[in-house]
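Here are my notes for you, as numbered points. Please keep the model open while you read, and look up each residue as it comes up.

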Amino acid sequence: MSKITTELLLERAVPRSTRLRKIETLNLSKLQLKTGDLDPRLFSRLRHLQKLDLSDNLLDKFPNSLTLPDLRVLNCNNNKLEDVTALKQFPLLEELTYENNVYLTLNDDYKVMFLLQNLRLLNGKDITKLANHVRRVNSRKLTSKVTAHWEKFFRDQLPEKYTAEQVKSIKKKFLKSVQTNVVHGPSSLSEFTRWRVKMIAEEFLAYSLGLELNTDPEPEENTDENEEESTESPREAAEDVGQVTVTPSKRKRNNSKPGSGNKRSKSQANTEEEAVEDVSAEPLHFLQCHSKGNSREDFKTQLWSCVFEPLLDCGARKDPIVSSSRTVATCGGESICLIDCETGTVLKKYKVATEEFFSVAWTTLTMVISDSRKKSHNILAAAGRRGIVKLIHVAADFCYGEIKAHKKPIATVCFSPTQETHLFTASYDKRIALWDIGIPDCDYNFKASQLLVLEALSIPLRIALVPTCPDQYLLAGCEGGCFAWNIKLDKDQKSRPFEAIFQFPDEDGGLTTSHRVDGLAFLNDDVIVSKSSKPGCIYLWSWSRSFDTKGKGCQRTVSAVILAELEWSTTDLSYLTLSTCPAKDYVFCGDENGSVWMYNLSNYTTAWRSAKGKRSDKRIPPTQILQWPELQVNGEQLTEVLINNVVSDPTFTYLVVLTSVNITAIWKKS
């Protein structure tokens, strides 16, 4: 039986009423109402209702036919709403609040601004100017892009006389293509943009194919091109970000050569000219967003880790058509930031005053939201000096839990690519732990459990799961060498010693297992890239040829089968780590002078895949070195910049550079 009756509506009217049609203000808050309780037949009798309070209930959506033709004010705070498009049935709505609905995002704000032409206040803020911009300027720009896409790629595919089947086919292709290729605004609004693009494309097709349209074109509005960026900045975070001045004339283009002793040979120059892609890049943004206490004078906070947000595939909001996320999570000092690489906007910021964060990692959890329905959400794990893992539901802006993983600092964390809840934490206690972080319920209750402990002989600095068998083997670069563990969970042993330690060439021409490995990553399914304390050298070596998975016994000493060495800085400074972009066969590593060394290895990987592939005789020099621009702070040049980490997105569109001077630099491939 429905919780809402005629008697209840009359009683909850303000003031109390004797007839439904006379009610103008109605308070239905705190009744534990669900969507099914909103009976359209009963609500259709509220013909003069102007103010409706549905806060503090359990609504996940609105029925499509509530028929409240005079509704002006609606309060939906503290519900479980997932979608706002049904609100278009209230065209006279002027004031709307839906705060504390964890599944609604900035994209939903933009949707209601477009759908509700009379809306003035959203969540207590005057959105008149921004809403006009969304409805007119934004729509005009998207319409122009959609039209251009049709003219360029699809107009000639449509014959003069076409059948219904042909129309259906070309419509399907066009809608998919236009949503893939028409991009506008920051990635935080990508869902709204694709929603509008699809709407505009459908209207355009209806018009182009001779069908009548019910909408009139919006009048154009003159606007400052910069207005869009300013209105899209987040509510907070932006105040905490300092933009460092870059002297434009001093920006170095990327034809710079390696330092003395590392000059390229003609053969290397020819290789670059023959390369398929142009790797030139330009600096986009230099952000000071991890300052202690938000101080603009902080150029000492070290930045350590960054990782790009994965793309969601979650039902109505699935996101399969964007090639790569533009959002990156960075950590250093007391804070974690989420940054839009294109705009340089700090979308979100999390602080723990007593923490120093060393590592961040993403996973996508399939969570039960309500009525046993499931939805995918990105979860960020962050850890550092306190040995505690923080779990953050980013879309909800909520740190929902923590795991007290170790009594000493956590150097690095990573999620399993096959088990979404499995998290590895590597600590200064010389242990690597595997955790099942569980899946939070709709109230964010979760249960974490420790599945495995890997014993190391020294502090693990970097960890990597073997791509061909991520549930069976883990590699770690440690203070005292490079090790491998069997992590298969069908074994009884919960605490395990290492299975193998790898030998590498030493400076005297012999082999050694004792060296600091502070950089470790897979370039592809087989090739490992590691950086050790041997100056000026990064090794590339084969997993399959170095390690026999059928070998017996623990704590074996195994010689790494070296495929090549990369030329790098001769510095003896440690903890300047490396990264890879497997899709593009790239390796990146920063140095002690603020430069980023980039290696395009696509001309080598085919030979390395061969079982008979020979080791490259000479060190491979960098394809390019991105030199640090001359940055000025308070009129003085920023010097002594160490590059702690460099990470590209999966398609190598953006390169995020983390420094020792509290600067996040973002480069874009041009």
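1. Start with Pro 15, which is found in the loop between α1 (6–12) and β1 (25–27). (Helices, H or I with at least four residues, and strands, E with at least two, are DSSP runs numbered from the N terminus.) The peptide bond leading from Val 14 to Pro 15 is cis, with omega near -5°.

2. A word on the source: this is a predicted model, where local features need pLDDT of at least 70 and side-chain atom pairs count only at pLDDT 80 or more, while totals for chains, interfaces and linings use all residues. Residues are numbered from 1 along each chain as its sequence is written, and side-chain values use heavy atoms, leaving out hydrogens and water.

3. Next, look at two asparagines. Asn 100, in the loop between β4 (95–97) and α3 (106–115), has a phi near 60°, a positive value in a residue other than glycine. Asn 294, in the loop between β9 (281–288) and β10, also has a positive phi of about 60° although it is not a glycine. Are they buried or exposed? Asn 100 counts as exposed because its relative accessibility is 55%, and Asn 294 at 28% counts as partly exposed. (Buried means under 20% relative accessible area, exposed over 50%, partly exposed in between, with a 1.4 Å probe and protein chains only.)

4. Now find strand β11 (residues 327–332), where 6 of 6 residues are buried. Thr 327, Ala 329 and Cys 331 cover one side, with Val 328, Thr 330 and Gly 332 on the other. β11 runs antiparallel to β10 (residues 303–308), joined by 5 bridges, and Cys 306 stands opposite Thr 330. (Two strands pair if DSSP finds at least two bridges between them.) On to β12 (residues 335–340): 6 bridges join this strand to β11, again antiparallel. β11 and β12 form a hairpin with 2 residues between them, and Gly 333 in the turn has a positive phi of about 60°.

5. Finally, the rings. The whole structure holds 27 aromatic pairs. (Rings of Phe, Tyr and Trp, the last by its six-membered ring, pair if their centres lie within 6.5 Å; planes under 30 degrees apart count as stacked, over 60 as edge-to-face and the rest as tilted.) Trp 150 and Phe 204 have ring centres 5.8 Å apart and planes at 65°, so this pair is edge-to-face. Trp 150 lies in helix α4 (residues 128–153) and Phe 204 in helix α6 (residues 190–208), so the pair ties together parts 54 residues apart in sequence.
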